[in-house]
Amino acid sequence: MLVRELTDKDYIESLKLSEYAFQYKVPESEIPARLERLRNHKVLGIWDEDILAAKLHIYPLSIFMKDAEWKMGGIAGVATYPEYRRNGYINTLMIDSLEHMRNNDQIVSLLHPFDISFYRKYGWEILNETKKVTIEKMNLRFLEPQQGFIRRFSRETHNEDIEKVYQQYSAQFTGMLKRETYWWKQHVYDKDSQMAVYYQPNKEAMGYMLYHVKDSKMEVQELVALDHEARVGLWNFICQHDSMVGTVTIHLASQDPFPYFLQQPNVKIELHPYFMARVVDAEDCLRRFPFLHENEPLFLHLEDSHAPWNNGSYLLGKGEIKVFKEKAGGQCVHPPKKGIRLNINSLSAILFGYKRPMELYEMGYLKGSKPEIELFEKMVPVLKSSFIDFF
């Protein structure tokens, strides 16, 4: 089963497969722009003679890991025609994509799952959860007035103040996408979106909300605040729409304190898993990760069924990583049997900060002695994962 990367002449077939699999139709006038965007992707495909039977896209992107940037491969557009399903085509593409990402130094990968259990089989694990808050008109109650002011923008008037707020906000988390200006205009705004930015009296932007109002409903697609003043200022701006809307829905990071600070915090809240993440190159990720140094060393014995280059034992200690892997011919320098055994899913959840080592140990996902787990718990800093984009 041969996988090959699509070229310009194949892009129209990729678009046709997406339209069929995801049940949408691209207007004729938008097709050239859609095909042009594919030049920025790596599209892998499997062919049946001259028919593109299955495909997968890899977006070359970067994420913030607090104050660091890691190259990331974003998996999207995974599709096959129904007559080719259950032939192992998607399985082949998923495994092949890992090698492509590794060769391009994309040491981690993110995706939006249609089914979490499906992608877990390939080593991706839940990255974050999103919080959807629904507020009825009667609960649009103003809080204390703030000293700052609101300015509204659109895709056409988008400015760098918004990008600076987002970048400062992203530094609090692991997993947030590094957004270039083109990404804002092509992937963040839609045709109905408006942007409200909260400014302090000195004209420093401290928060924003991306939203639209339609049919007496306001949907806040993003609400980003760098401090509580901005959060309250944006909330009061929402309340200014009380004569226009009957309900407001707000999409937030799960860690956001909203709606605790409202006069009436008893509102409908829905929490859902959102994106998934995977470590592609474990050695590189472990070397970059900001472990808290402990005097006592610790072995991690890692299993990865689909990226064999990750299989091995990693000795963490005193700011160093020593790696023990199988050598050519099947010989291996064996480390001691002591240490923690875990798979790539668990390592991904820990490095992104979605789960703590002790949590996973208590659920049976980490194997080792209790003192070793406690040591690992001390070595891993407390992190918060988040992701608010879509691809």
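1. Aromatic pairs. The whole structure holds 22 aromatic pairs. Rings of Phe, Tyr and Trp (its six-membered ring) pair if their centres lie within 6.5 Å; planes under 30 degrees apart are stacked, over 60 edge-to-face, and the rest tilted. One of the pairs joins Phe114 and Phe118, with 5.3 Å centre to centre and 45° between the planes, a tilted geometry. Phe114 also pairs with Tyr119: the centres are 5.8 Å apart and the planes stand at 80°, so this pair is edge-to-face.

2. Basis. This is a predicted model, in which local features need pLDDT of at least 70 and side-chain atom pairs count only at pLDDT 80 or more, while totals for chains, interfaces and linings use all residues. Residues are numbered from 1 along each chain as its sequence is written, and side-chain values use heavy atoms, with hydrogens and water left out.

3. Exposure around Phe114. Buried means under 20% relative accessible area, exposed over 50%, and partly exposed in between (1.4 Å probe, protein chains only). Phe114 is exposed at 63%.

4. Ring cluster and core. Ring pairs link Tyr59, Tyr182, Trp183, Tyr274, Phe275, Phe387 and Phe391 into a cluster. Phe391 also belongs to the largest nonpolar core, which has 66 residues. A nonpolar core is a set of buried Ala, Val, Leu, Ile, Met, Phe, Trp, Tyr and Cys residues joined through side-chain atoms within 4.5 Å. Leu110, Met195, Tyr208, Phe291, Phe376 and Phe391 touch the most other members. Helix α9 (residues 344-352) gives this core its largest share, six residues. Helices (H or I, at least four residues) and strands (E, at least two) are DSSP runs, numbered from the N terminus. A second, separate core has 34 residues, among them Ile46, Ala79, Leu93 and Tyr122.

5. Phe391 contacts. Contact means heavy atoms within 4.5 Å. Not counting residues up to four places away in sequence, Phe391 touches residues including Tyr59, Met72, Leu110, His112, Trp183 and Phe275.

6. Arginines over rings. A charge sits over a ring if NZ of Lys or CZ of Arg is within 6 Å of the ring centre and within 35 degrees of the ring normal. Arg179 lies over the face of Trp184, 4.5 Å from the ring centre.

7. Salt bridges at Glu283. The structure has 21 salt bridges. Each needs a side-chain nitrogen of Lys or Arg within 4 Å of a carboxyl oxygen of Asp or Glu. Glu283 bridges to Arg287, with the closest N and O atoms 3.1 Å apart. Both lie in helix α8 (residues 282-288), four residues apart, about one turn of the helix. Lys325 forms a salt bridge with Glu283 as well, at 3.5 Å. Lys325 sits in the loop between β18 (320-324) and β19 (340-343), so the pair ties together parts 42 residues apart in sequence. Glu283 is partly exposed at 24%, Arg287 at 45% and Lys325 at 24%.

8. Arg231, for a closer look. Arg231 lies in helix α7 (residues 228-239). Arg231 is buried yet has no salt bridge. The nearest side chain of opposite charge, Asp256, is 4.1 Å away. Lys and Arg count as positive, Asp and Glu as negative; His and the chain ends are not counted. Beyond neighbours within four places in sequence, Arg231 is in contact with Ala225, Asp256, Pro257 and Phe261.
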